[in-house]
Amino acid sequence: MSESRKITLNESEIPTHWYNIVADMPNKPLPPLNPGTQEPIGPEALAPLFPMELIMQEVSQDQMVEIPDEVRDIYAMWRPTPMFRARNLEKMLDTPAKIYYKYEGVSPSGSHKPNTAVPQAYYNMKEGVKRITTETGAGQWGSALSFACSMFDIDCEVYMVRISYDQKPYRKMMMQTWGAEVFPSPSEKTQAGTQILAQDPDTPGSLGIAISEAVEIAATNDDAKYSLGSVLNHVLMHQTIIGQEAIKQLEKAGADLPDYVFAPFGGGSNFAGISFPFLKLNLTEGKNIQCIASEPTSAPKLTRGVFRYDFGDTVGMTPLIPMYTLGHTFVPAKIHAGGLRYHGAGAIVSQLLADGLIGAEAIDQLESFEAGVKFAKAEGIVPAPEANHAVASVIRAAEQAKIEGTSKTILFNLCGHGNFDMLAYQDYFAGNLKRHEMSQEEVDSAVSKIDTPTVESVKEMLMG
Ligand SMILES: *Cc1c(COP(=O)(O)O)cnc(C)c1O
């Protein structure tokens with residue numbers, strides 16, 4: 001047999017620590033602001049919503065944070081995840097590039113999201129929390145958290161956007177199988193939901209409304225907390241086990257360090273997960289690994305947005321976060337990669353982009369599905385529509401390597417499978433997907449609606 005396709009590690013090689021890139025960043029991320037006073041908020045402001053250990057991780061400057069044994073034990077149900085050399089894809093593209101991918105679709109819910117759902121549920125359990133609330137759009141985050149809560153006997157309440165609840169029943173059933181209660185949002189469980197239903201009983205709902213409902217329950221019940229699946233510093237940190245394993249696996253395969261690391265980008269968690277351990281090598285050992293986020297052309301906050309303070313949610317309830325954003329009221333086109341339809345990016349990835357330490361490119365949804373189908377034919381796994389954006393970036397880089405005749409090493413994060421996303425593939429095959437790129441007028445109009453403080457004004461305030 002020729003060089004192995006699949007590069008695996010033993011259970012004992014599951015990382016013992018998460019990597020906190022803040023420790024190595026030349027410019028630290030700026031603090032979140034209270035939306036009312038526009039003053040920096042301290043950890044105590046988050047206490048009604050999150051357990052203290054997660055709040056401390058959110059503001060931690062420690063380079064490595066130990067993973068509790070109980071969490072590593074549950075990680076061992078699917079970790080270390082396999083890495084594959086995509087030899088069939090290389091052959092199909094006739095490229096001299098070597099393509100490797102890390103596959104996170106082997107987790108119980110089929111994506112990288114349980115990597116953070118499990119520690120989040122664990123710390124809540126340790127602090128006596130009995131119920132966790134969250135929102136979900138298409139259902140990937142809701143199913144990861146439902147699984148994690150079932151591991152620690154915590155009740156899980158998921159507010160699922162009404163239209164997904166009706167149109168995508170399988171994710172809902174999966175959550176229910178793990179014991180979660182799933183409510184179509186808006187619901188009559190909350191004041192926020194009740195008010196909106198009174199105005200418009202037939203509303204399809206939105207992620208913003210679902211967040212409002214989940215936060216309201218957590219804020220008004222002592223035994224309940226809230227949980228988020230992306231964007232926040234502690235969420236990104238939990239995902240760094242992906243990249244740490246990948247470094248060991250490339251070493252084991254006798255491969256070079258990658259020239260490029262690609263990952264799809266919604267709020268930044270799976271991108272951070274695979275890329276931050278490689279960025280550590282850039283920041284501390286002078287390596288030059290290009291880490292590039294693949295975002296959709298229909299929600300291009302990294303490539304066309306502004307670096308500005310903005311709300312994390314669409315309603316305007318969360319703290320203000322320094323982020324690349326298209327404005328929190330921006331509503332992306334209804335492309336099928338639901339996990340990438342977010343207006344902003346986390347504070348850490350935004351600072352890294354502003355400092356030129358990471359890159360980004362935007363991919364149209366047609367190019368992304370074309371890439372995903374090629375990948376599935378070559379490698380067998382049908383990628384999640386989100387992951388297709390990274391596959392498209394990989395194919396671009398591999399074709400460039402062919403033109404240049406250079407043998408680049410490329411790594412990407414196949415962050416989830418698409419087995420529950422067949423409707424999206426059906427629409428693609430039926431020719432129903434259209435190219436979608438925002439016009440400059442649309443970008444200008446979205447960005448002009450932002451009325452929150454600029455990054456420069458907050459820097460001046462902090463110094464003065
Ligand atoms: C949630 C999700 C994303 C987007 O979120 P990130 O925080 O940017 O990773 C991308 N892909 C999949 C499969 C997801 O479930």
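Ser187 is found in the loop that runs between strand S8 (181-185) and helix H8 (191-199), where helices (H or I, at least four residues) and strands (E, at least two) are DSSP runs numbered from the N terminus. The model is a predicted one, in which local features need pLDDT of at least 70 and side-chain atom pairs count only at pLDDT 80 or more, while totals for chains, interfaces and linings use all residues. Residues are numbered from 1 along each chain as its sequence is written, and side-chain values use heavy atoms, with hydrogens and water left out.

With a relative accessible area of 7%, Ser187 is buried; the classes are buried (under 20% relative accessible area), exposed (over 50%) and partly exposed (in between), computed with a 1.4 Å probe and protein chains only. A polar atom of the Ser187 side chain lies 3.1 Å from the backbone nitrogen of Lys189. For polar contacts, the criterion is a pair of N or O atoms within 3.5 Å; within protein, one must be able to donate a hydrogen and the other to accept it, and residues adjacent in sequence count only if both atoms are side-chain atoms. Leaving aside residues up to four places away in sequence, Ser187 touches Tyr159, Gly193, Thr194, Leu197 and Glu213, contact being defined as heavy atoms within 4.5 Å. The loop between S8 and H8 also holds Pro186, and the peptide bond from Ser185 to Pro186 is cis, with omega near 10 degrees.

Tyr159, one of the residues touched by Ser187, is found in strand S7. Tyr159 is buried, its relative accessible area being 0%. Beyond residues up to four places away in sequence, the contacts of Tyr159 include Phe183, Ser185, Ser187 and Lys189, as well as Thr134, Glu135 and Thr136. Ala210 is also among the residues that Tyr159 touches; the C-alpha atoms of Tyr159 and Ala210 are separated by 5.5 Å, although the two residues are 51 residues apart along the chain.

The chain is divided into domain 1 (6-14 + 66-110 + 234-440) and domain 2 (35-63 + 113-232), with bounds that come from an automatic or database domain assignment. The C-alpha centres of domain 1 and domain 2 lie 24 Å apart. Across the boundary, 40 residues of domain 1 are in contact with 39 residues of domain 2.

The ligand lies between domain 1 and domain 2, because both domains give residues to the shell around it. There are 15 residues around the ligand, of which Lys113, Ser230, Gly266, Ser269 and Asn270 come nearest; a residue is near a molecule or strand if one of its heavy atoms lies within 4 Å of it. By class, the shell has three nonpolar, 10 polar and two charged residues, where Ala, Val, Leu, Ile, Met, Phe, Trp, Tyr, Cys and Pro count as nonpolar, Asp, Glu, Lys and Arg as charged, and the others, Gly among them, as polar. For Gln140, an N or O atom in the side chain is 3.0 Å from an oxygen atom of the ligand. Taken alone, the ligand exposes 380 Å², of which the protein buries 97%; accessible areas come from the Shrake-Rupley method with a 1.4 Å probe, and for residues only the protein chains shown count as cover.

Further backbone features occur in loops. A cis peptide bond joins Arg79 and Pro80, with omega of about -10 degrees, and Pro80 lies in the loop between helix H2 (69-75) and strand S4 (83-85). Gln38, a residue other than glycine, has a positive phi near 60 degrees. Gln38 is placed in the loop between S2 and helix H1 (52-58) and is partly exposed, at a relative accessible area of 33%. Asp153 likewise is not a glycine, yet has a positive phi of about 55 degrees; Asp153 lies in the loop between helix H5 (140-151) and strand S7 (155-161) and counts as exposed at 75% relative accessibility.

Two further serines are located in loops. Ser12 lies between strand S1 (6-7) and strand S2 (17-19) and, at 61% relative accessibility, counts as exposed. Ser439 lies between helix H17 (422-429) and helix H18 (440-448) and is partly exposed, with a relative accessible area of 27%.
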